[in-house]
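Please look through the sequence and the model below before reading on. The paragraphs that follow move from a surface feature to the overall fold and then to the charged pairs.

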Amino acid sequence: MTEAAQSPLGTGLIGDASWVTWLRIQLARVPNAARSRAAEREREALHEQPAGLLSGDEPGFHAAAMKVATSAPRQFGRLDEVLLRGRFVLRGDDISTLDELVREAVRIAAEGFAGSGPHSSDVAALEARLRYADDFLKRREGEIARRRYARGLVGGVILTTVALALIGGVGAAVITLWRGGAMPPDQADALRDVLVAVGAGAAGACVSVLLRMHKMGNLPIEVADGGAARYRIVLGWFFAAAVVFLLKSGLLSVVFVIPEGRVESWFFWGSVGFLAGFNERWATNLISRRPEDVGSDAAPDAGTTGPRGR
């Protein structure tokens, strides 16, 4: 009894009171540590707020910035916006390059404005340097945004692989348990068709996102969240699955003729799934049709306007 009472903390059994006390202390420290880290990050953010051109500590540059701000306020304001935007978007050497471009433009313009006479040529030169800095920022921002989108697409492909494995495994297990025996070939083919269409829908969504990124010259960083790419891929899943269910239920049997062969059926559902994931307008127009409008020309187009489109 005495030896047990004198045993140090952590040497008793799992059910010992010392272990319970130690565990409670550690659990109580978790929220406190999280709050401390959040407060530290907030303090660091306050100390590292982006500073504009007039907030510099260099006396010579501050005087030059004041001269440019007085002589060409519109161009100076755009330079300041480009610099602040770049510090928000860019990282590493890109920030240093943009900062040097903007500061050099301010120094050269200040030297020109210091002389007498008209300064139209100096304003034009400052405007040209502003366009160059702005083009550099937009080009680098677009490249960073595309990389973010690409990472989101990779995550979406991995998520699709996991989802298809889960759907296939769970579906096969449920059908097998429900029937109390092996899965019939027709039900196995139906499950295969759904998996093929969903996978093709994800592929179509990926191609659609890549084409849209290619068409957008200057892609803002705000719209290039990786979650947006994964969201687009998930939409491709559901559109493809919805089209499969509508076709297999017979509601749209007049629109498409499902081939009988297993190989032909595999290619058919892959094509349908790809179109559904690639073009959500086509899928929504197909889904929104009423059964009595199938095969007729009276079905309204989802993208049309006018009395029939409304």
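Which residues form a nonpolar patch on the surface? The patch is made up of Val154, Ile158, Val162, Leu166, Val170 and Val174, which together have about 540 Å² of accessible area. Leucine 166, one of these residues, is found in helix 6, a helix that covers residues 120–179. Because its relative accessibility is 53%, and the cut-off for an exposed residue is over 50%, leucine 166 counts as exposed.

The model is a predicted one, and its chain contains 10 helices and zero strands, so that the pattern read along the sequence is α-α-α-α-α-α-α-α-α-α. Of the 310 residues in the chain, 31% are buried.

How do two of these helices pack? Helix 7 (residues 185–215) packs with helix 9 (residues 262–278) at an angle of about 40 degrees, and their axes are 6 Å apart. The crossing of helix 7 and helix 9 is right-handed, and the residues of this contact comprise 11 nonpolar, seven polar and four charged ones.Turning to the charged side chains, side chains of opposite charge can pair when their charged atoms come close. In this model the count comes to 12 salt bridges. In one of them, the side chains of aspartate 99 and arginine 87 meet with an N to O distance of 2.9 Å. Since aspartate 99 lies in helix 5 (residues 93–113) and arginine 87 in helix 4 (residues 73–89), the pair ties together parts that are 12 residues apart in sequence. Aspartate 99 counts as buried, because its relative accessibility is 16%, whereas arginine 87, with a relative accessible area of 25%, is partly exposed.

A salt bridge also joins arginine 107 to glutamate 100, where the closest N and O atoms are 3.9 Å apart. Arginine 107 is partly exposed at a relative accessible area of 30%, and glutamate 100 is partly exposed at 42%.

Within helix 6, arginine 140 and glutamate 143 lie three residues apart, which is about one turn of the helix. These two residues form a salt bridge whose closest N and O atoms are 1.9 Å apart. Arginine 140 counts as buried at 15% relative accessibility, while glutamate 143, at 34%, counts as partly exposed. Finally, salt bridges also link Arg78, Glu81, Asp134 and Lys138 in a network.

Conventions:
Residues are numbered from 1 along each chain as its sequence is written. This is a predicted model: local features need pLDDT of at least 70, side-chain atom pairs count only at pLDDT 80 or more; totals for chains, interfaces and linings use all residues. Side-chain values use heavy atoms; hydrogens and water are left out. Patches are made of residues with over 30% relative accessible area and no salt bridge: like charges are joined within 9 Å, nonpolar side chains (Val, Leu, Ile, Met, Phe, Trp, Tyr) within 5 Å. Accessible areas come from the Shrake-Rupley method with a 1.4 Å probe; for residues, only the protein chains shown count as cover. A salt bridge is a side-chain nitrogen of Lys or Arg within 4 Å of a carboxyl oxygen of Asp or Glu. Helices (H or I, at least four residues) and strands (E, at least two) are DSSP runs, numbered from the N terminus. Buried means under 20% relative accessible area, exposed over 50%, partly exposed in between (1.4 Å probe, protein chains only). Axes are lines fitted to C-alpha atoms, for helices over the stretch in contact, and angles run from 0 to 180 degrees between N-to-C directions. A crossing is left-handed if the near helix is turned anticlockwise from the far one by less than a right angle, and right-handed if clockwise. Ala, Val, Leu, Ile, Met, Phe, Trp, Tyr, Cys and Pro count as nonpolar, Asp, Glu, Lys and Arg as charged, and the others, Gly among them, as polar.
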